[in-house]
Amino acid sequence: MKRKKYSIPSPRVSQRCNKVVDETENHELCPYFANIPSHLVVQILLQLPIKSLLICKCVCKMWKALISEPHFVKLHFHKTPVSLMIRTKDHRVSRTLHLLECEPEKFEIGSDNHVKLQPIFKLPLRDAKSLREKMMNKPKRPVRAVRLVLEKNTDKNSDGDSQMLNIDSKPYYDKFGVVNSCNGLLCLCCPFEGNPLVISNPVTGEFIRLPKSANAPSRVRKLEPVGFGFGFQPKTNEYMVIQIWNKYVRRSYTRVLERMIFEINTVGTLSWRNVEVDPQVSNSTLKYPTCLNGVIHWIRFEGQTQNRSILCFCLESERLQSFPSPPHVFRNHHTVSRNEPISMGESRGLLYICDRSSFHDVTMWVMKEYGIGESWTKVYNIDTSISALGRPDRWRCGLCWPLKHFEDGASLLLYHSCKCLIYFEPEKYGFKVFRIHGTDSEQVQIIPHTPSLVSLKDVVKGDNIEVLNIYSMCANVKLREENEVLSLSQQLV
Amino acid sequence: MAEEKSQASSSKMLTLKASDGVLFEVELNIAKEMKTVQAYIDDCEDIETIPIPNVLGKHLAIVIEYIKKTNEEYDAEFEKQWNMDDLQLLLLAANYLNISGLQECLCKAIAKRIENKSPEYVRKVFNIENDHSPEEEAKLRKEYKWAFEGVDKD
């Protein structure tokens, strides 16, 4: 059909012919040009990765406000790919976390390429206060636990006023363990007992120290840990931390349980509050805290019977109760192993359980409808008798994290200890083995953690607790281990 | 040639008039993808020429072409040919005409082009003035030090 006046030109043609005309027209349209409305700016910003968003905070005040806005942060978090943080183990403070975003491209790299695990984030040091004191005193007194090495500042980009200090810090004092991750915030704990000490957002570098509880263990008061957890209550928009201890007293030559201590701290407040719950739980250990829908879930390992089940605590109603578990998974009592072969977590709003208790298989279960026991679905059953490494191999320390939404033909990342990751894509190519390079640590630890821009300043709401920033404080403290750059490469079998 | 009024409404033609006077004849079902135009038609059924005062002819041409061929492949190629100015004007056009698919596509394309670029570059692209004080900016750069490492050269 013949067009009336102007046939639609092909794009290239129009650009060539009308170039001069366009430029003047663009100048005339300058007002539009300068002012993309903020709702469109938001749509553009939502497509950017976190690194670019933080750079964009510097563009102008309005952009900083848009990016810091809690609703934007929440929307952006939902678009961030499922990620894992990797850190080295082995007698180190292990304060650096290397991010692995689990996007398919990362695993299509082939055997000749290396993918750098970036960006790198830092955790605070557990005993930073005494470290700083030691740093201040360094010219005068020899220091017991810390050796300091001063290096000339050759780096042009640093603050200029101070020197980079290479510090040999001792993990005994400074290492943090991790309780769990929730909404991009990490709950850090004492690596020995497991009690929560700090909440941090590694992306923004912010962290806060949790208040000390009156019931905390001390040199005189020995408590036995039962379980810990960190979660988010969507109805009140608050983050809560839980600690559960058993207090024993000596009677004759044995010890008797005096009481169980169950306490909650609302992050941002100064005290821990006691909650009355069924003390039955005191005979168990609670592991793999996972927060979903305002409820913290654990796998409960009962002391005497070795029974396993799922226990949950609703942050709103403050009730502790059992939660439906996948059929048969917890019935296998025989494996009383130290490496609990069952783990639990949450991915994209669904609870999952990874069962490695069978000699031959690794099984992944997903609860497709929250709270409905029948909806536990076996998503994968991976036969591990012939492993990806081409020979029959028991999967050591095999932990399992789902990477994609299960309906998308999901893939799993299995960690086969000793710095080896096994990527399992059932639809495409089965197994691929990846090795982590760049560190002389024998082992790595993997923490499921999807980064977000949630600001602790919004969480804390008020002046009670000080929000500290790791980059402002420890900008010139660098541990030797921080020189390592980790990368991933595929290992052909 | 006069517009044909055929029996089937899908082949009814409509004329769209861009801000610089350029006219485009499009089928009704194509025009309806632009929700703004749809609203116009709903209001006055007999309209034959619809003015699009905020959009230049060259951009309207691109928008119409996009609507005609919406498949995944085309999207990927689509963005590469346009410069930043055009992308922004197209975004404004897609926003005004209320075509959500095109809007999302353009936002992704613009985001790709500013990803990992310095704040100076981004300001230049969007013609934004820096209203941070030097202290504020220095503080942000220090707090988010890791984000500023490895930024692409402008």
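A: Let's start in chain B, where the side chains of Arg141(B) and Glu120(B) form a salt bridge with an N to O distance of 3.1 Å; a salt bridge here is a side-chain nitrogen of Lys or Arg within 4 Å of a carboxyl oxygen of Asp or Glu. This pair ties together distant parts of the chain, 21 residues apart: Arg141(B) lies in helix α8 (residues 134–143) and Glu120(B) in helix α7 (residues 119–126) of chain B. Helices (H or I, at least four residues) and strands (E, at least two) are DSSP runs, numbered from the N terminus. Arg141(B) is partly exposed at 29% relative accessibility, and Glu120(B) is also partly exposed, at 39%. On this scale buried means under 20% relative accessible area, exposed over 50%, and partly exposed in between (1.4 Å probe, protein chains only). Through shared partners, salt bridges join Glu120(B), Arg123(B), Glu137(B) and Arg141(B) into one network.

A word on the ground rules: this is a predicted model, in which local features need pLDDT of at least 70 and side-chain atom pairs count only at pLDDT 80 or more, while totals for chains, interfaces and linings use all residues. Residues are numbered from 1 along each chain as its sequence is written, chains are lettered from A and ligands numbered from 1 in the order in which they are written, and side-chain values use heavy atoms, with hydrogens and water left out.

Over all chains, the structure holds 14 salt bridges. One of them, in chain A, joins Glu258(A) and Lys247(A) at 3.4 Å, N to O. Here too the pair links distant parts of the chain, with Glu258(A) in strand β13 (residues 254–266) and Lys247(A) in strand β12 (residues 238–251), 11 residues apart. Glu258(A) is partly exposed, with a relative accessible area of 41%, whereas Lys247(A) counts as buried at 18%. Glu258(A) also forms a salt bridge with Arg259(A), the closest N and O atoms being 3.7 Å apart. Arg259(A) is partly exposed at 35% relative accessibility.

Ser213(A) is buried, with a relative accessible area of 10%. Its side chain makes a polar contact of 2.6 Å with that of Glu263(A) and reaches the backbone nitrogen of Asn215(A) at 2.9 Å. A polar contact is a pair of N or O atoms within 3.5 Å; within protein, one must be able to donate a hydrogen and the other to accept it, and residues adjacent in sequence count only if both atoms are side-chain atoms. Leaving out residues up to four places away in sequence, Ser213(A) touches Gln243(A), Glu263(A) and Trp272(A), where contact means heavy atoms within 4.5 Å.

Finally, the nonpolar side. The largest nonpolar core has 128 residues, and those with the most contacts inside it are Leu45(A), Ile199(A), Phe262(A), Phe313(A) and Val37(B). Such a core is a set of buried Ala, Val, Leu, Ile, Met, Phe, Trp, Tyr and Cys residues joined through side-chain atoms within 4.5 Å. Helix α5 (residues 84–97) of chain B gives this core its largest share, 9 residues.
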